Amino acid sequence: MAGLVRVVDGVRRSAAAVAEDVLGHLPDTGDHVTGRSVDDFVEQAADALRALETLALETLRVAGAAPAPDAAGNSPTPPSSASSTAHTRRVR
């Protein structure tokens, strides 16, 4: 069980980090319509990663395992239910 907990917690941490990283990218497509489509895709990818993070966190709770705290020692909480569309759109 300890091995499973480590793997699930690793998935949770990775999904959270990649979701934030994905939102930090501002692709320059040179076309407003294409840029908007790419931005929408990036937001959907971040939403999917946050959903994966939430599922991993719930799996850890069901297994009775406390997820590892972050670098600051804070216990993880599920990502907010707000969509990633809350980030600032800057389509070029």
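This is a dialogue on reading the features of a predicted model.

Colleague: What should I know before reading any feature of this predicted model?

Modeller: Residues are numbered from 1 along each chain as its sequence is written. Local features need pLDDT of at least 70, side-chain atom pairs count only at pLDDT 80 or more, totals for chains, interfaces and linings use all residues, and side-chain values use heavy atoms, with hydrogens and water left out.

Colleague: What is the mean pLDDT of the protein chain?

Modeller: pLDDT is the predictor's confidence in each residue, from 0 to 100. The protein chain has a mean of 81, and 72% of its residues reach 70 or more.

Colleague: Where does pLDDT stay under 50?

Modeller: Over residues 81-92. The model has 26 contacts beyond four places in sequence for that stretch, a contact being heavy atoms within 4.5 Å. Where pLDDT is low, the predicted coordinates should not be read in detail.

Colleague: How many helices and strands are there in the protein chain?

Modeller: Both are DSSP runs, numbered from the N terminus: helices are H or I with at least four residues, strands are E with at least two. The protein chain has two helices and zero strands. Helix α1 covers residues 2-23, and helix α2 covers residues 32-62.

Colleague: What share of contacts joins residues at least 24 apart?

Modeller: Among contacts in the protein chain between residues at least 6 apart in sequence, the share is 79%. L55 is in helix α2, whereas R12 is in helix α1.

Colleague: Are L55 and R12 buried or exposed?

Modeller: Buried means under 20% relative accessible area, exposed over 50%, and partly exposed in between, with a 1.4 Å probe and protein chains only. L55 counts as exposed because its relative accessibility is 57%. R12 counts as buried because its value is 5%. Over the 92 residues of the protein chain, 24% count as buried.

Colleague: How many salt bridges does the structure hold?

Modeller: A salt bridge is a side-chain nitrogen of Lys or Arg within 4 Å of a carboxyl oxygen of Asp or Glu. The structure holds four. One of them pairs R12 with D9 at 2.9 Å, N to O. These two residues both lie in helix α1, three residues apart, about one turn of the helix. D9 counts as buried because its relative accessibility is 9%.

Colleague: Which salt bridge links distant parts of the chain?

Modeller: The side chains of R50 and E20 meet at 2.5 Å, N to O. R50 is buried, with a relative accessible area of 17%, while E20 counts as partly exposed at 48%.

Colleague: What is the distance between the closest N and O atoms of E58 and R61?

Modeller: It is 3.4 Å, and the two residues form a salt bridge. E58 and R61 are separated by about one helical turn because they are three residues apart in helix α2. E58 counts as partly exposed at 36% relative accessibility, as does R61 at 41%. Elsewhere, salt bridges that share partners join D9, R12 and R13 into one network.

Colleague: Which residues form a nonpolar patch on the surface?

Modeller: Patches are made of residues with over 30% relative accessible area and no salt bridge; like charges are joined within 9 Å, and nonpolar side chains (Val, Leu, Ile, Met, Phe, Trp, Tyr) within 5 Å. Here V7, V11 and L52 form a nonpolar patch, with about 230 Å² of accessible area together. V7 is in helix α1 and counts as exposed at 54% relative accessibility.

Key: Accessible areas come from the Shrake-Rupley method with a 1.4 Å probe; for residues, only the protein chains shown count as cover.
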